[in-house]
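Have the sequence and the coordinates open as you read.

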Amino acid sequence: CEAWLIALAKDLLGKEDIKLLNVFCGMNQQGLRVDIKLEVNPDLVCDAHCLREKISETFDVILADPPYSNQEAAKRYGTPKLCYKTWANECIALL
């Protein structure tokens, strides 16, 4: 659904060239791909809770596909607990 979401964003923004940040990117392919897991080969290995420590530019669109619970983060991905307010505020600051 990554391609569909990007097409929708382009349509809503009324422009073809968008600057995209892809947080918790996993296997997504578009934009600046950020993930805490090195093995998914992101453009930037970074914890989403501190995006502004590594990124100073702003974006038109941010896609985020985080684990849906702390249990899923630990069990499925082996990643630390998420503070949704913190990483969402990091994303908002970069929009």
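Strand 1 (residues 20-23) and strand 2 (residues 32-35) pair in the parallel sense, with three bridges between them. Helices (H or I, at least four residues) and strands (E, at least two) are DSSP runs, numbered from the N terminus, and two strands pair if DSSP finds at least two bridges between them. This is a predicted model, so local features need pLDDT of at least 70 and side-chain atom pairs count only at pLDDT 80 or more, while totals for chains, interfaces and linings use all residues. Residues are numbered from 1 along each chain as its sequence is written, and side-chain values use heavy atoms, with hydrogens and water left out.

Back to the strands: Val 23 sits opposite Val 34 of strand 2. Strand 2 also pairs with strand 3 (residues 44-45), again in the parallel sense, over two bridges. There, Val 34 stands opposite Leu 44.

What about the inside? The largest nonpolar core has 15 residues, and the ones touching the most other members are Leu 21, Val 23, Val 34, Leu 51, Ile 55, Ile 62 and Leu 94. A nonpolar core here is a set of buried Ala, Val, Leu, Ile, Met, Phe, Trp, Tyr and Cys residues joined through side-chain atoms within 4.5 Å. Strand 1 and helix 3 (84-94) are the elements that give two or more residues to this core, and helix 3 gives the most, three residues. Take Leu 21: beyond its neighbours within four places in sequence, its contacts (heavy atoms within 4.5 Å) include Leu 32, Phe 59, Val 61 and Leu 94. A second, separate core has six residues, among them Ile 6, Ile 18, Leu 20 and Leu 63.

| Residue | Phi | Loop | Relative accessibility |
|---|---|---|---|
| Phe 24 | about 55 degrees | between strand 1 and strand 2 | 15% |
| Asn 41 | about 55 degrees | between strand 2 and strand 3 | 59% |

Buried means under 20% relative accessible area, exposed over 50% and partly exposed in between (1.4 Å probe, protein chains only). So Phe 24, at 15%, counts as buried, whereas Asn 41, at 59%, is exposed. Leu 12 also counts as exposed, because its relative accessibility is 66%.
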